[in-house]
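Here are a few notes to read with the model open beside you. Take them one at a time and find each residue as you go.

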Amino acid sequence: QVQVVESGGGSVQAGGSLRLSCAASGLTLSTVAMGWVRQTPGPEREYVVGMSGRGGSTSYADSVKGRFTISKDNAKNTLYLQMNSLKPEDTAVYYCAAARGYSGRGIPRNPRTYDTWGQGTQVTVSS
């Protein structure tokens, strides 16, 4: 069974940090493009950052560039998102997602490209 499970969300004051984890099973992070996507109340999910399977290239949304860092541990098959200098506007449910069916070049930035999703973890940043 293919599954990704997030953990590490919580509440923090503005300027603080959180680290999200995403444990994957049934897929291999070294071969699958992965991403973090967030959703505030509303219909659209917002791309945050993605990482390629092979090579580990990354692509950040402008809104988080310089503050968030994506990484992975292939041995643990776990993806991470280190979030620093958090702002109230970062408040959202954060989803880990895999683009198992993606065969294009680069890193998919459209949330609809991702086909395997975790249950999400809430991040709340207070001012």
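1. Which residues does Leu79 touch, not counting residues up to four places away in sequence? Leu79 touches Leu20, Ser21, Cys22, Leu29, Met34, Gly35, Trp36, Met51, Ile70, Ser71, Lys72 and Cys96. Contact here means heavy atoms within 4.5 Å.

2. Before going on, a word on what you're looking at. This is a predicted model, where local features need pLDDT of at least 70 and side-chain atom pairs count only at pLDDT 80 or more, while totals for chains, interfaces and linings use all residues. Residues are numbered from 1 along each chain as its sequence is written, and side-chain values use heavy atoms, with hydrogens and water left out.

3. Now the core. A nonpolar core is a set of buried Ala, Val, Leu, Ile, Met, Phe, Trp, Tyr and Cys residues joined through side-chain atoms within 4.5 Å. Buried means under 20% relative accessible area, exposed means over 50%, and partly exposed is in between (1.4 Å probe, protein chains only). The largest nonpolar core has 35 residues, and Leu79 turns up again among those that touch the most other members, together with Met34, Trp36, Phe68, Leu81, Met83 and Tyr94. In soluble globular proteins, nonpolar side chains tend to be buried together.

4. Which elements give two or more residues to this core? They are S3, strand S4 (33–39), strand S5 (46–51), strand S7 (68–73), strand S8 (78–83), S9 and strand S11 (121–126). S9 gives the most, with six residues. Strands (E, at least two residues) and helices (H or I, at least four) are DSSP runs, numbered from the N terminus.

5. Next, have a look at the sulfurs. The structure holds one disulfide, meaning a pair of cysteine sulfur atoms within 2.5 Å. Cys22 and Cys96 are the partners, with 2.0 Å from S to S. Cys22 sits in strand S3 (residues 18–25) and Cys96 in strand S9 (residues 92–99), so this pair links distant parts of the chain, 74 residues apart. The link is left-handed, with -70 degrees about the S-S bond. Is Cys22 buried or exposed? Cys22 is buried, at a relative accessible area of 1%, and Cys96 is buried too, at 0%.

6. On to the charges. There are four salt bridges in the structure; a salt bridge is a side-chain nitrogen of Lys or Arg within 4 Å of a carboxyl oxygen of Asp or Glu. Arg38 makes one with Glu46, where the closest N and O atoms are 2.8 Å apart. Arg38 is buried, with a relative accessible area of 5%, whereas Glu46 is partly exposed at 32%.

7. Arg38 also bridges to Asp90, with the closest N and O atoms 2.9 Å apart. That pair links distant parts of the chain: Arg38 is in strand S4, and Asp90 is in the loop between S8 and S9, 52 residues away. Asp90 in turn meets Arg67 in a salt bridge (2.7 Å, N to O). Arg67 lies in the loop between strand S6 (58–60) and S7, so its pairing with Asp90 ties together parts that are 23 residues apart in sequence. Both Asp90 and Arg67 are buried. Through shared partners, Arg38, Glu46, Arg67 and Asp90 end up in one network.

8. Ala75 counts as exposed, at 79% relative accessibility. Ala75 and Ala24 are 51 residues apart in sequence and 11 Å apart in space, C-alpha to C-alpha.
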